[in-house]
Amino acid sequence: MGKAKRKLHLFKLYRKNIELLCENPRYNRDVLKDIIICPICFHTFKESDIKRSGDKNYLTIEHVPPQYLGGRTEVLTCYKCNNLFSEFDKELVYVPHRQDSTVVNWRAKLKAGEDKFGAITEFDFNTNTIKFTLSNNDDLTKFIESFKGKNQFNFEVKDKTKAVGTNLLKIAYLLAFHKFGYGLIMQPQYNFIRAQIQSPYETILDNHGVVHFNDGLDLPDGVYVVKQPKEFVSLLVRFRLTKQDGTANVYSVHLPSPAVDVVGFYKRLSTIPKGVKYVVANFDDLDYWSDRTQAYAAIHEMNHYLQ
Ligand SMILES: [Zn+2]
């Protein structure tokens, strides 16, 4: 199927889902007529917005995770939201973003005389070392030449970890949307998650919901519900980012129930004790997008364990 056809297919699926939600008197059928909503910015788009026209924002197919990192899932987002993180996508390759990690990677610029070189800096707190890896393979000789005689070089670092974390949150949010549709995301508490995604360097949430298991919990990629501990009842989105060399990092990202205080949830998550045991459950393989009895299934499931 060509790109235009895939877009149209998704548009129709999203339309059907919005129609379903309109059976709820909370939503205004007239306002939501003929449109779909970008899951990130909540701007509305018509079927004609599938095509690019002049400078107008339009609908695009977004790969989640980014295609560059092995993502295959396709969602419709607007051009602006799709490109929110393009400059950080590549950062995901080398920033492990582990809370318990003793290794921190920052981007750096090495300056020697008039010459500048892009590099990745690795601070390893375990071995007390700093390592520079030049971004361009041919740069090492040039770099050595440029500081010869002067015997000095400077480096400037840029911490992009925060935006990288927000990028992971965006991936998890879009994967959960892909599974459960608008019924999950069109809840006021989720505005905080969207606000964080749209402002990657601001602190709207205390963290990005990323957790790492060392407890042997061996789950395939997918969306799960955390049943226990009760204070962390939430969706848990598992996905992997595959590097060009075939190795992968697996991430688990929390999305709380929209029935709870979302900001408070992420605050609590920052104090999560080490070694905490999770009990998680699968979701049934149902059509959450088109089956009217399942439109809010994810929220109902979480609320069941919250009681
Ligand atoms: Zn958008």
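Q: What is the order of the four strands in the open sheet that includes β7?
A: The order is β7-β6-β5-β8, and the pairing is antiparallel. Strands (E, at least two residues) and helices (H or I, at least four) are DSSP runs numbered from the N terminus. The model is predicted: local features need pLDDT of at least 70, side-chain atom pairs count only at pLDDT 80 or more, and totals for chains, interfaces and linings use all residues. Residues are numbered from 1 along each chain as its sequence is written.

Q: What makes β7 and β8 edge strands?
A: β7 (129–134) and β8 each have a single partner strand, so one side of each is left without a neighbour in the sheet. From one strand to the next, the twist averages 35°; such angles run from 0 to 180 degrees between N-to-C directions, with axes fitted to C-alpha atoms, for helices over the stretch in contact.

Q: How do you know that β5 and β6 pair?
A: Strands pair if DSSP finds at least two bridges between them. Strand β5 (residues 103–112) is joined to strand β6 (residues 115–124) by ten bridges, so the two count as paired. They run antiparallel.

Q: Why is β8 said to lie largely in the open?
A: A residue is buried if 20 or more other C-beta atoms, placed from the backbone, lie within 10 Å of its own, exposed if 12 or fewer, and partly exposed in between. Of the five residues of β8, the number buried is zero, so β8 lies largely in the open. For the chain, 30% of the 307 residues count as buried.

Q: Why is Gly-2 called exposed?
A: Gly-2 has 7 C-beta neighbours inside 10 Å, so it counts as exposed. Gly-2 lies in the segment before α1 (3–21). Its C-alpha atom is separated by 18 Å from that of Gly-71, 69 residues apart along the chain.

Q: What makes Glu-202 exposed?
A: Glu-202 has 11 other C-beta atoms within 10 Å and is therefore exposed. Glu-202 is found in the loop between α8 and β9.

Q: What pairing joins β10 and β11?
A: Strand β10 (residues 222–228) and strand β11 (residues 234–242) pair in the antiparallel sense over five bridges. Val-223 has Val-237 in β11 as its bridge partner.

Q: Why is α6 called oblique to α8?
A: The helices α6 and α8 (residues 191–198) pack at an angle of about 135°, with their axes 9 Å apart. That angle makes α6 oblique to α8, because angles under 35 degrees count as roughly parallel, over 145 as roughly antiparallel, 65 to 115 as roughly perpendicular and the rest as oblique.

Q: Which residues of α6 and α8 meet?
A: From α6 come Thr-166, Leu-169, Lys-170 and Tyr-173, and from α8 Ile-193, Gln-196 and Ile-197. Residues are in contact if their C-beta atoms, placed from the backbone, lie within 7 Å. By class, the contact of α6 with α8 has four nonpolar, two polar and one charged residues.

How values were computed:
Two residues are in contact if their C-beta atoms, placed from the backbone, lie within 7 Å. Ala, Val, Leu, Ile, Met, Phe, Trp, Tyr, Cys and Pro count as nonpolar, Asp, Glu, Lys and Arg as charged, and the others, Gly among them, as polar.
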